[in-house]
Amino acid sequence: MDIPYAACPKATVTWLKEAVALKETTRVNTEATDKNLRMVIKEACRDDVGTYTIKLHNTAGDASADIKVVVFDKPGPPTGPIKMEEVTSDSVILSWNPPEYDGSCSINNYIVEKRDTSTTNWQIVSATVARTTIKAARLKTGCEYQFRIAAENRYGKSSVLLSETVIAQYPFEVPSHPRSVSVQSATKESMVVVWDKPSNDGGSKILGYHIEVCAINKVGVGEHADFPGKILLEEKLEAPDLDLDAEMRKMINIRSACTLRLFVPVRGRPAPEVKWSKADGEIKETAQIDNTGNYASLVIENVDRFDSGKYILTAENASGVKSVFISVRVHDSPSPPTNFIVKEITKNSVSLTWEPPLLDGGAKIKHYIVEKRESTRKVYSPVTTCNRMSWKIEPLPEGGIFFFRVSAENEYGVGLPAKTLDPIKISEKPQPPGKVSVVDVTNSTVTLTWEKPIHDGGSRISSYEVEVAPKDSEAWSVCAAVKAIETTDLVIEPIDPPEVILDAELRKGIVVRACGSMRICIPFKGRPTPEISWSKEDGELPSKVQIETGEDYSQLSIDICDRYDAGKYILKLENSAGTKTAFVSVKVLDTPGAPINLTVKDIKRQSVTLTWEPPVIDGGARIKNYLVERRESTRNVFSNVDNKCTKTSYRITGLTEGTIYYFRVLAENEFGVGQSAETEDAVKCSEPPLPVGKVALTDVTKSTASLSWEKPDHDGGSRIMGYYIEMQPVGSEEWVVAATTKTCEGTVAGLSAGHEYLFRVSAFNEKGKSDHRALASPVTAKDVTVMPGFKIRYNTYSLQQGEDLKIEIPVLGRPAPKVEWKKEGQALKETTRLNVSSTATSTKLLIKDANRDDSGKYTLTATSPPTGPVKIEEVSSDYVTLSWEPPEYTGGCQINNYIVEKRDTTTTAWQIVSATIARATIKVTKLKTGVEYQFRVSAENRYGKSPAILSPSVIAQYPFTEPASPGTPVISSVTKDNMRKEKNSLLWTKLNKLLIPEPRFRTTELEEVKECIRVDGGHFTLKLVNVGGVKMIPVNVKVLDRPGP
């Protein structure tokens, strides 16, 4: 820290910290020169935080100043000890105090961790705790835990605060036995048993009692039977109910000035909170409201028309809300008519119009009463009674002054009137003057006379206007205004347009030094004498301007000039003959005005850039340079940054991150430093935040994707206001903002199922948006699996015999699991009295007229079958190959095996093919050719077997038929070894031992048939064989010989 000072003679310097003398070390040093004091702190830490005092002393006196030093650092540990507010079998509520040292900035969050004392591994309970308390849930009953807590700000995480060890268990015991059990009354089939509560409740409220019943005969006491369920001690809840009798459900009619009394019985447990309100306004402050536990009352005395309306009574308790309304109509005289105006005035009549009253007093308006009052009287007199909403009052005395009012009347009386606020004079415009005559004409004047108007319109004529127009022109202009007098003579002089006489010096302009005086004197002429007005081109005339006008000149003067008096001064002359303007330029030599359009740009953590434009008023000389200054928002004095800036922009560096500054710029010319332009708004030294940390996908469905990310390492010196989540469909080049959130997580909706998307996240603060951080890989919009589960609020239900039992339990899981009800381990059978219904989100059990047979333990099971369909990959005459997909939900553990069964479609009996299949495919063999089969597949894990999925029916056969007959065999060549036939035999010998793959065969080692004769011809057979069957075709052999006899 460098601190300028001045002292003569040289002062002695004393440094203090928190009012104690500062100890200098190798890290903390101070030094003093004739003009500056310096303190150097190397590697500042939290120990250096505090108020430093500098004391100066010499023979002339003493001086002191305080300097507050703040060191930004990670916080100290939370203040202990950690309190265990509430301990249960699976949760602990922890609380602690904030750190004594917060690192000179706000604590962002706390990080809470836990560990089982049997291990050394710590697990995060929550890293985003905003308050100094948390409920650590999902603990294992009976396990001993220890917790540790760290505070975190934007500079890092503190050291941890350790808790004492605690065992997750209830801090109470089972209660002692009930006392004084006795039978109050008994019959053959029932008895009333009473008892006193236990002397010790074990430290917890008694929830209920168990009852056991035993039968006794001559042999002895039989086994006891437990009372189904347990007797719960709970307050019976009852929704609020408001009992309106038949009269109050109708419209309540009441006369004005009477008392309105509304009483409504109220029921409900616990006692409802009751509130009265009015639908179209507020209830009168004088109304008396009394709400007890059994009824609610509202009393209004001296009601009037404004008490009409709908009164709403609302009752609310923990079981619900109930509202009723009561309509009240107060019979009273009507309110004043609305929009009462005077539409037309003539010399002897007035036309009035109005609209109906807003409140008719609960009865139809019968008619309206119109009244008038002369201004000299205080009493109104009736004019008429009408059914219309307009009336013309006549005759009225011409020139008379009147007030008027209108009142509405119903069967309950005359209402308040609507009045005219201002007096109305009965008159109209005068008629034109009579004959106009020219009496005398000279070279410069005209004398006119005219007659009075025949009628003055009912009001005295105040003046006449005389207009003139050149010959053959229709441009009439007023040349004179004459007050009404007894005579009607007027002398009109000739007219000349105004003319300005500017000398050469005024045309060049006037130059004056600041604080000097200025005079602008301009002669003029014109008839009639022109009207004169001065103005300034760029604004209004200053208040210090003095204007003096004679018969033929006008002078503008300013005694003490400044820069704002520079500009163009305009003189305007106007008479009936025309208009003339002239201007004089004035330059005031002064310091310049303030620069304009001062803007702060490119704000960083330790620097800002200022830009501006030259002053509009340069003071009559060239701008030499600009002075740039700054001040912190906590100070009132500006300090110099640069006093020789020659450009209209400047980058200020060396600012403190997070500090709020004001800046100003002053222009300087040869006459001095001008006025300053100051930033209107405070500027905080910050910049857009750094990119967010790692982005992760937390959930995805076919229409939504949920992301989470780590907050940026640095917020840019300004609080992060939120985050943008942007998405881009794969194949597109456009990124769009899909969601905005204030936390480090968010969900994007409106995705198209099956499409791939890219996501990226950016943070933003008041300075702008950070760079993006993208998700590592594309996301396909599809549903994911969620473990099946139930939200069971109660696990015990008690009801009397004959009552209906309805149980609805929410079901969790994706895809929707199959829900199965069992009773005592057996599948629940539905009857006309017992029904089970399930949806994708819930399951319902309805038992009508329940009896003792319905008591017992009911079990709910939610399962997810393998994913179908079962595919038939290959079919043959004695086997089929099947395949399927694994279940979308595995039950939270590994699938052990699959169970495949088959059945002949002519029967309903299923046979197990295999119960130990590890993969999602199987070859089912030993099938009967031509028989139709169906298969089903179930998945099994350590907790049981899933429901089965069925395959389509399939016939065990080759997927082809017997071949068609080949073409006619052709003996392509015959040798002595290529054809044989047993002599004297009809039997054929098989030559080929294997199937012939081609339509060609050659055989050798045949017995030579020499000198064939006709008997060697005949029929040969070709036999074709494949896996599809056997085919026989004949072959004819002819021996060509001479004919027989």
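Val-181 is found in strand S17, and in this predicted model the residue counts as exposed because its relative accessibility is 56%, where the cut-off for exposed is over 50%. Together with Val-183, Met-191 and Val-193, Val-181 forms a nonpolar patch on the surface, whose accessible area comes to about 360 Å² for the four residues together. Strand S17 (179–186) and strand S18 (191–196) are the elements that each give two or more residues to this nonpolar patch.

Elsewhere in the chain, four strands make up an open sheet with mixed pairing, arranged in the order S45-S51-S50-S47. Strand S45 (510–513) and strand S47 (531–536) each have a single partner strand and stand at the edges, so one side of each is left without a neighbour in the sheet. From one strand to the next, the twist averages 25°. Strand S47 runs antiparallel to strand S50 (residues 567–575), and six bridges join the two; Trp-534 has Leu-571 in S50 as its bridge partner.

The aromatic side chains give a further view of the model, as a search of the whole structure finds 17 aromatic pairs. Two of them are set out below.

| Aromatic pair | Arrangement | Centre to centre | Angle between the planes |
|---|---|---|---|
| Tyr-757 and Phe-759 | tilted | 6.4 Å | 40° |
| Tyr-933 and Phe-935 | stacked | 6.4 Å | 25° |

Tyr-757 is buried, with a relative accessible area of 6%, and Phe-759 is likewise buried, with a relative accessible area of 1%. Tyr-933 and Phe-935 are both buried as well.

Methods
Residues are numbered from 1 along each chain as its sequence is written. This is a predicted model: local features need pLDDT of at least 70, side-chain atom pairs count only at pLDDT 80 or more; totals for chains, interfaces and linings use all residues. Side-chain values use heavy atoms; hydrogens and water are left out. Two strands pair if DSSP finds at least two bridges between them. Axes are lines fitted to C-alpha atoms, for helices over the stretch in contact, and angles run from 0 to 180 degrees between N-to-C directions. Patches are made of residues with over 30% relative accessible area and no salt bridge: like charges are joined within 9 Å, nonpolar side chains (Val, Leu, Ile, Met, Phe, Trp, Tyr) within 5 Å. Accessible areas come from the Shrake-Rupley method with a 1.4 Å probe; for residues, only the protein chains shown count as cover. A salt bridge is a side-chain nitrogen of Lys or Arg within 4 Å of a carboxyl oxygen of Asp or Glu. Buried means under 20% relative accessible area, exposed over 50%, partly exposed in between (1.4 Å probe, protein chains only). Rings of Phe, Tyr and Trp (its six-membered ring) pair if their centres lie within 6.5 Å; planes under 30 degrees apart count as stacked, over 60 as edge-to-face and the rest as tilted.
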